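This briefing goes through one protein model by topic. Have the structure open while you read.

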Amino acid sequence: MVLIFGAIYFVGRLSSSNNPTPAGASPSQAASSDQTPDRSKPVAPSVTKSPAQGGSGKQPAQQLAQSAKEPSQPAANPDNPKPAPAPSAAVAAPSPAAAPLQPAHDQMAMTPTPSPIANTDQSPAPPSSNVPPPAPNGPTASGGGDAAAGRLIFRKCQACHSIEPGKNLLGPSLAGVIGRKAGTEEGYNYSPAMKSTDIVWSAQTLDKYLNEPAKVVPGNKMPFPGLKTDQDRADVIAYLAGGGQRPAAAAQQPSPAAASGAPQPAQTQTAQGTPNIVYIPDARYTLRSGIADGRMAYIGEGGEIDGKVNPVLTAVEGQVVQLTLINGEGAEHDIVFPDQNTTSPRVTGKGASTTIAVRADKSGDFVYFCSVPGHRLSGMQGQFLVTPRATPQTVVEADISREPTDLPPPIGKRDPQTVRVDLLSVELEGRLAEGTTFGYWTFNGKVPGPMIRVRVGDTIDIHLKNSADSSMIHSVDFHAATGPGGGAAALQVDPGQELSMTWKALVPGLYVYHCATPMVAEHIANGMYGMILVEPEGGMTPVDREFYVMQGEIYSDIPHGQRGSAEFSVEKLLNERPEYFVFNGSVGALSQLHPLQAKVGETVRIYFGVGGPNYTSSFHVIGEIFDKVYPLGGLKTAPLEGIQTVSVAPGGAVIAEFKTEVPGNYTLVDHALARAERGLSGTLSVEGKPNPEIYNGKVMPGMGH
């Protein structure tokens, strides 16, 4: 869809935690205060320890997954235009004003920290911010600003605005905006109001415009009320005036473990008594055979070993190293790790390759070499250094991953009733992977959102509150609801506001819910999805263990494995090229942080769904066969039996059951197994006595099972 926007609108709804400011409606949106386009993500990396997860404190006839109460907010700035009145709290049917939103991107904000959340169940401690609060007498635009701080403000806008010349996204390019006449960026279709203005953008005119955009250019489509602190305006103007260059200190550093293959000790806490086992290697190296200084050699490819001759390969004791050998010049080669008793197949012919796994089962200084006669003497030999295992460290990034055991108890037999459900949309920076954070948009501070459990015939009284610190409008669409938008047509909620409605659960099954504010795919990709189980009359068959697992995709601007604060990339989303695939929001969420636990002889039920937004999952538990599968999440037909792998589409769900017969670790995967290399792996750890009649073999350590 070709959209016409009438403003530079590179920031919006921007506020500090001390000055939350709801966005005002544009003229085209005045009929509906709960409809505004979006593009944004929070930026302040957290250094808070992950909170302890509480138990399920549900009240009868109510699932209070998250208290809607928040600490009182400071009085709104009197200069800020007030949003249009919110619709009635209980909306039975949407008005014409509640029609589907048009994708746009007029709201961008700097939200250093989410406001504290009153907690009756589980919510993360608000992450601390590395963004300094506005100075009481901050510099004006004419007095200069901090370009580094301005980058932190602007980074939320990168989903829609480029700083590359001529590169218009959903908004115009802001490259060279200083000195440019308003509404003249080539190739972008502005609104008539912006085209007709005679403004030339300077530090002074930008400062005035960002302070009160509606007054400076009446009739423009800029829906945010402006940046009300001198500091914020000066900083972002300084950043744009400098050409949008990233400060040297802010440059992302590649992860030694991922970029160069040099592994790092796990920065996670594993469950007591559970081995830290994953289905992906701890380090990866790629070597290419070639000639260097007139001698045969292995030449490193990628990361810190790139271009190095016979590079030193490192690992930590107990880790698994994945090594790929590429034939670079056509002669026959292999690679041998004699002390690890590992030899690769030989590769013959230029471009041929092979990949092996090397288990570093003891520390020491070892070698690797080519065993083809004469090649080792000709130079194909290097060092393999294995360091002793370090003591695991505690996660310091905010853990946004929902524990798989965090779900309500079974409904059982009861009459239909009204069930109140409270959801709170929270934007926060959280742990994506070791050393990497990402700006998540969440329901109740976790990914996925809380699992909701009702029975067929229940009336769901849904209350959606958008945190005052949010930069975006948020909403919720229940696939289990019958009616416009699955509820989203009546639940487009501005920051700091709350809306409610009711709907009736008509059909039993397992359903996905997600945010449905445009761009819908962006809201989902940033973490706004969850599931609701509508139990049949009489309830579900009892089992010993129930788990809640969802698969999603992360579209980060920095490559997979690179450390730092990752930003959302709209280009990768639209090209369907995620950097990460994750279970329950982050890499290692269900293997390192919150592995599933069971005992031999127990029946296990997994409620599995795909938030997506783009990829179908081939859900599989390595080493198990599903005794029962309720395909597509339906509960009105008999389950399938004896199933190995089940396909689950984006926005779809499945219920899978099996009985544990043998102790050990069972790996949860999408059987499109290349995705395991991008983080998609979980672990079910089963304790109990061996069962040699079913499985009689010695489990080899360190191989991911």
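The structure, which is a predicted model, holds 19 salt bridges. In one of them, the side chains of Arg-453 and Glu-535 meet, with 2.6 Å from N to O. Arg-453 belongs to strand β13 and Glu-535 to strand β18 (residues 529-535), so this pair ties together parts that are 82 residues apart in sequence. Side chains of opposite charge can pair when their charged atoms come close.

- Phi of Asn-444 is near 65°, which is a positive value in a residue other than glycine.

**The five-stranded sheet**

- Strands of a sheet pair through backbone hydrogen bonds, either parallel or antiparallel.
- Strand β24 is part of an open sheet of five strands, whose order is β22-β30-β29-β24-β27.
- The pairing in this sheet is mixed.
- Which strands stand at the edges of this sheet? They are β22 (596-599) and β27 (645-648); each has a single partner strand, so one side of each is left without a neighbour in the sheet.
- On average, neighbouring strands here are turned by 20° against each other, with direction ignored.
- In what sense do β22 and β30 pair? Strand β30 (residues 682-687) and β22 pair in the parallel sense, over four bridges.
- Leu-596 stands opposite Leu-684, a residue of β30.

- Strand β29 (residues 664-670) supplies three residues, the largest share of the lining.
- Strand β29 is also a member of the five-stranded sheet, where its place in the order is between β30 and β24.
- Tyr-695 and Val-699 also belong to a nonpolar surface patch, which they make together with Ile-694.
- The area of this patch is about 320 Å².
- Ile-694 is found in the segment after β30.

**The four-stranded sheet**

- Another open sheet has four strands in the order β3-β2-β5-β8, and its pairing is mixed.
- The edge strands of this sheet are β3 (295-301) and β8 (353-359), each of which pairs on one side only.
- How many bridges join β2 to β5? Six bridges join strand β2 (residues 283-292) to strand β5 (residues 320-326), and the two strands run parallel.
- Arg-284 stands opposite Gln-322, which is in β5.

Note on methods. Residues numbered from 1 in each chain as written. Predicted model: local features only at pLDDT ≥ 70, side-chain atom pairs only at ≥ 80, totals over all residues. Heavy atoms only, no water. Pairing = 2+ DSSP bridges. Axes fitted to C-alpha atoms, helices over the stretch in contact; angles between N-to-C directions. Patch = residues over 30% accessible without salt bridge, like charges linked within 9 Å, V, L, I, M, F, W, Y side chains within 5 Å. Areas by Shrake-Rupley, 256 points an atom, 1.4 Å probe, with all protein chains shown as cover. Salt bridge = Lys/Arg side-chain N within 4 Å of Asp/Glu carboxyl O.
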